Amino acid sequence: MILLISSVVLGIVCGRFVSFQISDNIITFLLMLLVFVVGIDIGSEEGILKRMKVNIPIIIIQSVLVIAGTLLFAGATSIFTGFSFKEAMGASAGMGWYSLSGVMISEMYSPFLGAVSFTSNIIREVISILLIPFFAKVSQLGAVSSAGATSMDTLLGLISKNTDKDSTLVAFGQGVILSMCVPLIISLIFG
Amino acid sequence: MGILILILISFVVGILLGLTRKFEFLKKYKLVTIITVILLFVMGFEIGSDNELFEKLPEIGFSALVIALAGILGSVVFTSIFDKFKNKYLEKKKNQ
């Protein structure tokens, strides 16, 4: 976990001082590779197909709860910040997916809120990297929920190391469902 | 959305290959850790290269942090409660 945070920090530092464009294709390739390897891991588990079927209702309920929990609690922070309930709620709607939500909110509402959303989602990912190992000791699904939409790719590796195979499956499913919901939710809030 | 589909396909292909049980040798190499490290480095790099973001950071930092913490808290609280109920329910079913 220290390794992971160091990677991010090192990346940020390098990004500050080096002018270099990293190709989107490389990132896409890495994501595909990671998910592929975890897929093999899960596929080689005993009785995994049956366990997948069993987990579908869990994935759905989990996703609904992550959306509800995120939006409600984030909206409530409007008490502490200058934002309205709708603005604060909307800023959290990316559930970790910083690139899309930042851009969408900038276009549909305001670049300022877009920047807040972008930064907030990055922070969510970084905090999740730090805390998922600890959350996992209390609740595996709780740990998975922290990652939000990123549970299917960037944080899937970390989740697979800190939770059981069924929870890792749920993580992937959660990521897929949330990723599909993010553009929808943002459109509903700011449309 | 295209990337979503690519990732889905990669995952499914991985599972299918895993089902054949012929690729267990891959587990020896810490592939997941290595790839995750590279990915996070790249993510950090993209953040670091964003000069506009750094300039605005003092302004938006606090709100962004609070919103992120709240989002995580809400997610974790709701799903942990669900997790406990789910496990209790499954325990009961097992013992019936």
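## Briefing on a predicted two-chain model

Chain B has an average pLDDT of 88, with 99% of its residues scoring at least 70, where pLDDT is the predictor's confidence in each residue on a scale from 0 to 100. This is a predicted model, in which local features need a pLDDT of at least 70 and side-chain atom pairs count only at pLDDT 80 or more, while totals for chains, interfaces and linings use all residues. Residues are numbered from 1 along each chain as its sequence is written, and chains are lettered from A and ligands numbered from 1 in the order in which they are written.

**Confidence**

- For chain A the average pLDDT is 92, and 100% of the residues score at least 70.
- The model as a whole scores ipTM 0.89 and pTM 0.85.

**Contact between the chains**

- The contact draws 77 residues from chain A and 61 residues from chain B, two residues being in contact if their C-beta atoms, placed from the backbone, lie within 7 Å.
- On the side of chain B that touches chain A, helix H1 (2-19), helix H2 (31-48) and helix H3 (51-95) of chain B each supply at least two residues, and the largest share, 23 residues, comes from H3(B).
- By class, that side of chain B has 40 nonpolar, 14 polar and 7 charged residues, with Ala, Val, Leu, Ile, Met, Phe, Trp, Tyr, Cys and Pro counted as nonpolar, Asp, Glu, Lys and Arg as charged, and the others, Gly among them, as polar.

**Domains of chain B**

- Chain B is assigned domain 1 (1-49) and domain 2 (52-96), with bounds that come from an automatic or database domain assignment.
- The centres of domain 1 of chain B and domain 2 of chain B, taken over C-alpha atoms, are separated by 24 Å.

**Helix packing around H9(A)**

- Helix H4 (residues 85-92) of chain A packs with helix H9 (residues 165-190) of chain A at an angle of about 165 degrees, their axes 10 Å apart; axes are lines fitted to C-alpha atoms, for helices over the stretch in contact, and angles run from 0 to 180 degrees between N-to-C directions.
- H4(A) and H9(A) are therefore roughly antiparallel, given that angles under 35 degrees count as roughly parallel, over 145 as roughly antiparallel, 65 to 115 as roughly perpendicular and the rest as oblique.
- Lys86(A), Met89(A) and Gly90(A) of H4(A) make this contact with Ile186(A), Ile189(A) and Phe190(A) of H9(A), a set that divides into 4 nonpolar, 1 polar and 1 charged.
- Helix H5 (residues 98-108) of chain A packs with H9(A) at about 25 degrees, with axes 10 Å apart, which makes H5(A) roughly parallel to H9(A).
- In the contact of H5(A) with H9(A), Leu100(A), Ser101(A), Met104(A), Ile105(A) and Met108(A) of H5(A) join Val182(A), Pro183(A), Ile186(A) and Phe190(A) of H9(A), giving 8 nonpolar, 1 polar and no charged residues.

**Packing of H4(A) with H6(A)**

- H4(A) and helix H6 (residues 111-138) of chain A pack at an angle of about 45 degrees, with their axes 8 Å apart, and are therefore oblique to each other.
- Glu87(A), Gly90(A), Ala91(A) and Ser92(A) of H4(A) make the contact with Leu113(A), Val116(A), Ser117(A) and Ser120(A) of H6(A), and these residues divide into 3 nonpolar, 4 polar and 1 charged.

Notes
Helix = DSSP H or I, 4+ residues; strand = E, 2+ residues; numbered from the N terminus.
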